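Please look through the sequence and the 3D structure below before reading on. The paragraphs after them go through a selection of places in turn.

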Amino acid sequence: MTVKLSAQAETKVEEYKKLYPNVRSAIMPALYIAQEELGSITADAITWVAEKIGIAPVQVMEVATFYTMYYKKPVGKYHVQVCRTLSCALMGGRAITECVKKRLGTAPHEVSPDGQWSYEEVECLGSCGTGPMCQINDHFFENLTPEKLLQIMDRIEKEQPDLRFSAVRDALGEGLKGYPKSEVI
Amino acid sequence: MGQHRQILLKNVHCTDQHTIAGYESRGGYSVIRKVLNMEPAKVTEEVIKSGLRGRGGAGFPTGKKWTFIPKGTDKPVYLVNNADESEPGTFKDRVLLERDPHLCIEGMMICAFAVGARFACIYIRGEYAYPYQRVRQAIRECYAKDYLGKNIFGSNVSLDLVIHRGAGAYICGEETALLESLEGKKGQPRLKPPFFPAIRGLYDSPTVVNNTETLAALVWILENGGEAYAQIGTAKSTGTKLFSVSGHVNKPGVYEVEMGYPMMQFLEEECGGIREGRKLKGVMPGGSSFAILTAEEVAKATLDYESISGLDRTAHLGSGGFMVVDDHTDIVEVALNFAHFYAHESCGQCTPCREGGHWVQKIIQRIARGEGLAGDIELIDSICSQVQGHTICAFGEALSWPAQAFIRKFPADFKARIREAMEGRVQHRVPLNYEFQAAH
Ligand SMILES: Cc1cc2nc3c(=O)[nH]c(=O)nc-3n(C[C@H](O)[C@H](O)[C@H](O)COP(=O)(O)O)c2cc1C
Ligand code: FES
């Protein structure tokens, strides 16, 4: 079985393969490429990566299941990851999780019926001085209050911005125009 | 306020520092040009003289580590910049990567030259999308100017540099797990010996793994000399250190401090003291993997390796993840938060760690819920003693030392909860952690 992704994905993976002394190192970038295109690590994603790297699918599977950022089942178009670790918790992280849960009315990892949202609690994201915080797809939202987060979610629903990794631009907050820059210092 | 020399953060407030033009306008890439005309061994010698110790957590002397690379090896030598930064409470590497990516790259060039590496890699945690973007852009700028690639800066030295994204696994910060991950495998730490990747590292070749902050400090050291760096700080903890300050303080953020500075003064002056005029309960000065210091210990401590570990054998300057808790905080909740972290992040390879982590979490959880049993405190202590020293990597200590310190230093918090449970009266609790099951 041959799986085909977009031409862009095919070019990107070939570029990554050339970067490393050993092509096997390109498995992780290849999984990311497949995930961006397919939404999660599907059986097709595994087959595609295995074929591109030239190893057995089971070896790709082993890698994909070890790391939490490869989604083994679909997530919402916007996946909210609330930090639950100490520094955020001390600043009120619990209320952020509570607020997301209440607004979406779903369980963690469950996709909302309209496919828009899913959420989970995650461990420290390296924004401890600007907690509580969360990550929506690949963008950080810091110094949150429940009210602030609800406003952000409203805006996302309305504006439908691209918040995926490849859409991260040089200016922070580009994905959600006018969103204040994070200030860690 | 204390005047601290700024070696690493000197330029982070300049808005164009992340561009090659901005970096070079402030003297960037002049040190590597000088270094390329030195003997590699002389570079290592300067680093040894500087007394620089690894900023990733263990504090191992940097120059000494480089000398473990076998002389005259016929295998390629590799350099890996550990930018995994997943230690709870730590966000200093992020600032360097985001705001001064070329400083990180120049530091890597210096190290690569000293150890003879022709391929170098930055392993950055997957969640750092923005820092990744900044560093990747910086690498592109360097290639465009022939600062990377073949014959860098017109010398006969070549160096390729790649940035590699992790995918959400704390354990990949451990250097051998990181290397496994970089090879395209599960991130599980390797059996020791060999104790150092310098002997067997990436693709079985000699490899130097250093933390981002360690590598960034090299630029100043090679510019001003190892002796000048050794003049800063204390005799055994030289130079400056970045602290990521978070928790109950008025001014959280990343600070650069000269080693040996009084901890309490740092807390009160630089960090603006405890929020809402409350009192200090404790500080975890080096991330979540080491013991908490009580307010009394904080008053005696200075910010250097010897002082902190001298007050408590299981405390450490670590990564400089400086987490502060006030006197309104229940240490049972703090302990539960960490126990959850370690139970979740164990790579599952060693039984004591995989199982022990979950037991510790379960027991602290029941104490927190008001269902604690007599003997639970001793049970936690005993499990922790059986985990540490019995695992492949230091995760076993990272999970047990802090837990043991919480019960040893704040027994009253735990005993009060257990007593309430025994007497059948669970008092109002201020939970820190969200419990999905309990909330249903
Ligand atoms: C469980 C565990 C997690 C670690 N996480 C990190 C990390 O996120 N970043 C880091 O630089 N070092 C981390 N380390 C330390 C590395 O193994 C290694 O000692 C370090 O990268 C060496 O660089 P240095 O000598 O410059 O500090 C971790 C160690 C352990 C045991
Ligand atoms: S504790 Fe939440 S980002 Fe570090």
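What follows covers the ligand site, then strands and helices, then some single residues.

This is a predicted model, in which local features need pLDDT of at least 70 and side-chain atom pairs count only at pLDDT 80 or more, while totals for chains, interfaces and linings use all residues. Residues are numbered from 1 along each chain as its sequence is written, chains are lettered from A and ligands numbered from 1 in the order in which they are written, and side-chain values use heavy atoms, with hydrogens and water left out.

Begin with ligand 1. It is surrounded by 17 residues, and the closest are Gly56(B), Asn82(B), Asn210(B), Asn211(B) and Thr214(B); a residue is counted here if one of its heavy atoms lies within 4 Å. By type, this shell holds eight polar, six charged and three nonpolar residues. For that division, Ala, Val, Leu, Ile, Met, Phe, Trp, Tyr, Cys and Pro count as nonpolar, Asp, Glu, Lys and Arg as charged, and the others, Gly among them, as polar. The element that gives the most to the shell is strand E4 (residues 207–211) of chain B, with three residues. Helices (H or I, at least four residues) and strands (E, at least two) are DSSP runs, numbered from the N terminus.

Which atoms of chain B lie 2.9 Å, 3.0 Å and 3.3 Å from an oxygen atom of ligand 1? At 2.9 Å there is an N or O atom in the side chain of Asn82(B). A backbone N or O atom of Glu175(B) is 3.0 Å from a ligand oxygen, and for a polar backbone atom of Glu85(B) the distance is 3.3 Å. A polar contact is a pair of N or O atoms within 3.5 Å; within protein, one must be able to donate a hydrogen and the other to accept it, and residues adjacent in sequence count only if both atoms are side-chain atoms. Taken alone, ligand 1 exposes 610 Å², and the protein buries 90% of that. Accessible areas come from the Shrake-Rupley method with a 1.4 Å probe; for residues, only the protein chains shown count as cover.

Strand E4(B) is itself largely enclosed by the rest of the structure, because five of its five residues are buried. Buried means under 20% relative accessible area, exposed over 50%, and partly exposed in between (1.4 Å probe, protein chains only). In a regular strand the side chains alternate between the two faces of the sheet. From E4(B), Thr207(B), Val209(B) and Asn211(B) point one way, and Val208(B) and Asn210(B) the other. E4(B) pairs with E1(B) in the parallel sense over five bridges; strands pair if DSSP finds at least two bridges between them.

Just after H8(B), Gly184(B) takes a positive phi of about 85°.

In chain A, strand E2 (residues 117–122) is mostly covered, with six of its six residues buried. Trp117(A), Tyr119(A) and Glu121(A) lie on one side, and Ser118(A), Glu120(A) and Val122(A) on the other. Strand E1 (residues 78–83) of chain A runs parallel to E2(A), joined to it by six bridges. Across from Glu120(A) in E2(A) stands Gln81(A).

Leu103(B) counts as buried because its relative accessibility is 8%. Ile110(B) is buried, with a relative accessible area of 0%. Leaving aside neighbours within four places in sequence, Ile110(B) is in contact (heavy atoms within 4.5 Å) with residues including Val31(B), Val35(B) and Leu222(B). Ile110(B) and Val35(B) are 75 residues apart in sequence, with their C-alpha atoms 6.9 Å apart.

Finally, two lysines. Lys17(A), in helix H1 (residues 7–19) of chain A, counts as buried at 18% relative accessibility. Lys64(B), in helix H4 (residues 62–67) of chain B, is partly exposed, with a relative accessible area of 44%.
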